[in-house]
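This report covers side-chain contacts and strand pairing in the structure shown below.

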Amino acid sequence: MGCCFGKSKKGDFVMMQFGHNDSSPLDDTARARGTIKGIGTESEEIYNPIKKKQEVVYTYGWYLRKFIGDIKAKGATAVVCSPIPRNPVKDDAVVLVNDSYASWAEEVAKAEKVDFIPLNQIIKDKYAALSATEVKTFFTEKDHTHTNEAGAKLNAAAVVKGLKKLKNNKLNSYLK
């Protein structure tokens, strides 16, 4: 999990969504490493085979809290979004499951008193009303995570829906 909020400033809104790669091994040789599961303060020292150096890895929640703190320190407003669901079609049926990372994102956002958009649930509600054939049209054939243009538009609409439900959201004046 990596990011840089260095250019954010007072008055900015920073929306963040993490979680899809966090379940990867901490010392993954194929991509940036994962995080420790959960929202606690645990850490583990590992050898990062990509960077070829020792580093300390923390929990998913620890990183979210750090990013939120960095954003607040700049005078900007943090908005946490839960991860979007992966393709839920299994054996030609829509199988919707609970996502720990979505729950953890919500828990951290509430604890840090920042806005939270439950994208995972908003999108799952949409998928629940569709057939497996229809849901499959939102994803690439490459993998079960990445959406195509139609899926990206559905996800963007879910962000707007989530923003509109937030109380006292200053971004609503920009939404149609």
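## Salt bridges within helices

Lys110 and Glu106 are both in helix H2, where four residues, about one turn of the helix, separate them. The two side chains form a salt bridge in which the closest N and O atoms are 3.2 Å apart. The model is a predicted one. Lys110 is exposed, with a relative accessibility of 58%, whereas Glu106 is partly exposed, at a relative accessible area of 30%.

## The salt bridge of Lys9

The structure holds six salt bridges. One of them joins Lys9 to Asp12, with 3.6 Å between the closest N and O atoms. Lys9 is exposed at 52% relative accessibility, and Asp12 is partly exposed at 21%. Both values lie just above a limit, since buried means under 20% and exposed means over 50%.

## Aromatic pairs

There are nine aromatic pairs in the structure. In one of them, the ring centres of Tyr101 and Trp104 are 4.8 Å apart and the ring planes stand at 80°, so this pair is edge-to-face. Tyr101 and Trp104 belong to helix H2 (residues 100-111); because they are three residues apart there, about one helical turn separates them. Tyr101 and Trp104 are both buried. Helix H2 is also the helix that holds Lys110 and Glu106.

A second pair is formed by Tyr127 and Phe138, whose ring centres are 6.1 Å apart; their planes are at 25°, so the pair is stacked. Tyr127 is part of helix H3 (residues 119-128), while Phe138 sits in the loop between helix H4 (132-136) and helix H5 (149-165), so the contact ties together parts that are eleven residues apart in sequence. Tyr127 is buried at a relative accessible area of 1%. Phe138 has a relative accessibility of 12% and also counts as buried, because the limit for that class is under 20%.

Tyr58, Trp62 and Tyr63 form one aromatic cluster.

## Strand S4 and its partners

Strand S4 covers residues 77-81, and four of its five residues are buried, so the strand is largely enclosed by the rest of the structure. S4 pairs with strand S1 (residues 13-16) in the parallel sense, over four bridges. S4 also pairs with strand S7 (residues 115-117), again in the parallel sense, over three bridges.

Val79 of S4 takes part in both pairings. Met15 stands opposite Val79, and in S7 the bridge partner of Val79 is Asp115. In a regular strand, side chains alternate between the two faces of the sheet.

Definitions and conventions
Residues are numbered from 1 along each chain as its sequence is written. This is a predicted model: local features need pLDDT of at least 70, side-chain atom pairs count only at pLDDT 80 or more; totals for chains, interfaces and linings use all residues. Side-chain values use heavy atoms; hydrogens and water are left out. Rings of Phe, Tyr and Trp (its six-membered ring) pair if their centres lie within 6.5 Å; planes under 30 degrees apart count as stacked, over 60 as edge-to-face and the rest as tilted. Helices (H or I, at least four residues) and strands (E, at least two) are DSSP runs, numbered from the N terminus. Buried means under 20% relative accessible area, exposed over 50%, partly exposed in between (1.4 Å probe, protein chains only). A salt bridge is a side-chain nitrogen of Lys or Arg within 4 Å of a carboxyl oxygen of Asp or Glu. Two strands pair if DSSP finds at least two bridges between them.
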